[in-house]
Amino acid sequence: MEALTPGQISPDFSLQDANGVNHQLAQYRGKWVILYFYPKDNTPGCTIEACQFRDNDQTLKALNAVVLGVSTDTITSHEKFIQSQSLPFTLLSDSDGKVSQSYGALFKLGPIKFSKRHTFIINPEGVITRIYRQVKPAKHSEEVIEAIKTAGRD
């Protein structure tokens with residue numbers, strides 16, 4: 001499969017959130033989407049990254065942006081993670097790894113599979129404007145905010 005690049009239409013998907021509700025990327029047209037893939041709920045790096053997005057939630061909303069976190073964890077795991085960290089955004093369960101794979105964000109070694117730490121910024125028309133394959137959790141949300149502000153000036 002060919003790697004996604006900025007300028008391409010983002011692949012649509014349908015995944016369940018922590019409440020078992022299906023979300024499709026298409027339902028977020030008209031908003032900036034921060035689609036971030038991460039390895040595992042309640043692990044140090046993933047918690048830092050999620051909490052940074054949480055702490056910048058109001059800034060992101062002011063930019064007409066939504067955050068969607070995706071991992072191969074179960075919806076039950078997501079529910080616990082959301083509660084323990086007071087996360088105000090949606091986490092989606094990609095338990096079979098198909099969506100992660102379609103975005104080039106799946107690590108698979110035999111029976112072990114998890115999402116790599118990759119982020120896609122998708123504009124209101126559904127086009128990928130930025131891809132991060134090397135993410136530093138502590139500063140990532142600020143990096144994303146700046147990228148959306150910059151893209152809005154283009």
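**View 1. Strand 3 and strand 8 (residues 118-122) run antiparallel and are joined by five bridges.** Two strands count as paired if DSSP finds at least two bridges between them. Phe37 stands opposite His118 in strand 8. The structure is a predicted model, in which local features need pLDDT of at least 70 and side-chain atom pairs count only at pLDDT 80 or more, while totals for chains, interfaces and linings use all residues. Residues are numbered from 1 along each chain as its sequence is written, and side-chain values use heavy atoms, with hydrogens and water left out.

**View 2. Strand 3 and strand 4 run parallel, joined by six bridges.** Leu35 stands opposite Leu68 in strand 4. Helices (H or I, at least four residues) and strands (E, at least two) are DSSP runs, numbered from the N terminus.

**View 3. Both faces of strand 3 are covered.** Trp32, Ile34 and Tyr36 are buried on one side, and Val33, Leu35 and Phe37 on the other. Buried denotes under 20% relative accessible area (1.4 Å probe, protein chains only).

**View 4. The largest nonpolar core has 23 residues, of which Ile34, Tyr36, Phe53, Phe89 and Leu91 touch the most other members.** At least two core residues come from each of strand 3 (32-37), helix 1 (44-55), strand 4 (65-71), helix 3 (75-85) and helix 5 (140-153). Helix 5 supplies the largest share, four residues. A nonpolar core is a set of buried Ala, Val, Leu, Ile, Met, Phe, Trp, Tyr and Cys residues joined through side-chain atoms within 4.5 Å.

**View 5. Surroundings of Phe53.** Leaving aside neighbours within four places in sequence, Phe53 is in contact (heavy atoms within 4.5 Å) with Ile34, Tyr36, Leu60, Val67, Phe89, His140, Ser141 and Val144.

Note on methods. Buried means under 20% relative accessible area, exposed over 50%, partly exposed in between (1.4 Å probe, protein chains only).
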